[in-house]
Amino acid sequence: MKHLTDEEIMLQIANGKLELLSILFNRYHVRIYNYFNKMVQNKMVSEDLTQDVFLKVIKYKASYKKGNFTAWIYTIARNIFSTHYQKIKKERSNIINDDKLEANETLVSESKQEELDHLQKALLKLSNSDRELIVMHRFQEIKYEQIAQIVGSNENAVKVKVHRALKKLKEIYFQTAI
């Protein structure tokens with residue numbers, strides 16, 4: 001079963017073979033978790049949101065049509081993030097904390113870690129939409145075409161927005177010293 005494409009597996013899940021969801025979970029849960037962790041900078045929240053994505057995949061499995069699975073699951077993730085952000089905004093809670101290190105980043109040298117922390121802080125100063133585009137394109141390595149499907153835009157517009165977001169990130173990054 002592992003030789004099947006994501007789309008073929010999802011179609012079988014939509015037809016009732018829920019046991020195949022573990023294959024998609026294994027392929028996507030780290031990527032989805034990292035997407036959320038870059039957006040909210042909180043490991044616990046990221047784990048919960050990742051779990052919500054796969055619950056939604058099960059809940060809305062019948063709505064999946066032969067489209068690109070990556071775009072479909074990231075659309076779900078994006079909607080869950082939006083709902084989470086609105087909820088947090090209403091509660092006037094701070095969604096950002098200082099616990100930004102991932103387990104594999106602990107081996108990074110101290111100076112590299114300072115640079116990473118500085119980059120994370122600069123990333124958090126961007127608007128949600130700009131940060132989301134950079135996270136999807138640079139950290140998740142999602143292609144422009146798929147991002148366009150996820151955000152409901154066209155590929156060229158996404159390229160321009162990513163370019164502008166990176167320019168803003170660069171300005172913010174170099175405005176403040178490490």
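How many residues apart in helix 8 are E155 and K159? They are four residues apart, and so separated by about one helical turn. Helices are DSSP runs of H or I with at least four residues, and they are numbered from the N terminus.

The model is predicted, so local features need pLDDT of at least 70 and side-chain atom pairs count only at pLDDT 80 or more, while totals for chains, interfaces and linings use all residues. Residues are numbered from 1 along each chain as its sequence is written, and side-chain values use heavy atoms, with hydrogens and water left out.

The structure holds four salt bridges. A salt bridge is a side-chain nitrogen of Lys or Arg within 4 Å of a carboxyl oxygen of Asp or Glu. E155 and K159 form one of them, with the closest N and O atoms 3.8 Å apart. E155 is partly exposed, at 33% relative accessibility. K159 is also partly exposed, at 35%. Here, buried means under 20% relative accessible area, exposed means over 50%, and partly exposed lies in between (1.4 Å probe, protein chains only).

Another salt bridge joins R78 and E132, whose closest N and O atoms are 2.8 Å apart. R78 lies in helix 4 (residues 69-91) and E132 in helix 6 (residues 128-139), so the pair ties together parts that are 54 residues apart in sequence. R78 is partly exposed at 24% relative accessibility. E132 is buried, with a relative accessible area of 6%.

D130 counts as buried at 11% relative accessibility. K168 is partly exposed, with a relative accessible area of 39%.

L133 is placed in helix 6 as well. At 7% relative accessibility, L133 is buried. L133 touches I147, V151, K161 and V162, leaving aside residues up to four places away in sequence. A contact means heavy atoms within 4.5 Å. The C-alpha atoms of L133 and A165 are separated by 7.6 Å, and these residues are 32 apart along the chain.

Attention now turns to helix 3. T50 is found in this helix, which covers residues 43-59. T50 is buried, with a relative accessible area of 5%. Its contacts are H29, I32, Y33 and F36, again not counting residues up to four places away in sequence. I58 is also found in helix 3. I58 is partly exposed at 32% relative accessible area. Together with L18 and L55, I58 makes a nonpolar surface patch of about 240 Å². Patches are made of residues with over 30% relative accessible area and no salt bridge; nonpolar side chains (Val, Leu, Ile, Met, Phe, Trp, Tyr) are joined within 5 Å, and like charges within 9 Å. Accessible areas come from the Shrake-Rupley method with a 1.4 Å probe.

The largest pocket holds about 270 Å³ of space. A pocket is an open set of points on a 1 Å grid where a 1.4 Å probe fits, with protein on both sides within 12 Å along at least five of seven lines; lining residues have an atom within 4 Å of a point. Its volume is the space filled by probe spheres set on the points. Helix 3 and helix 4 each supply at least two lining residues. Helix 4 gives the most, with six. The lining includes V45, D48, L49, I76, N79 and H84.
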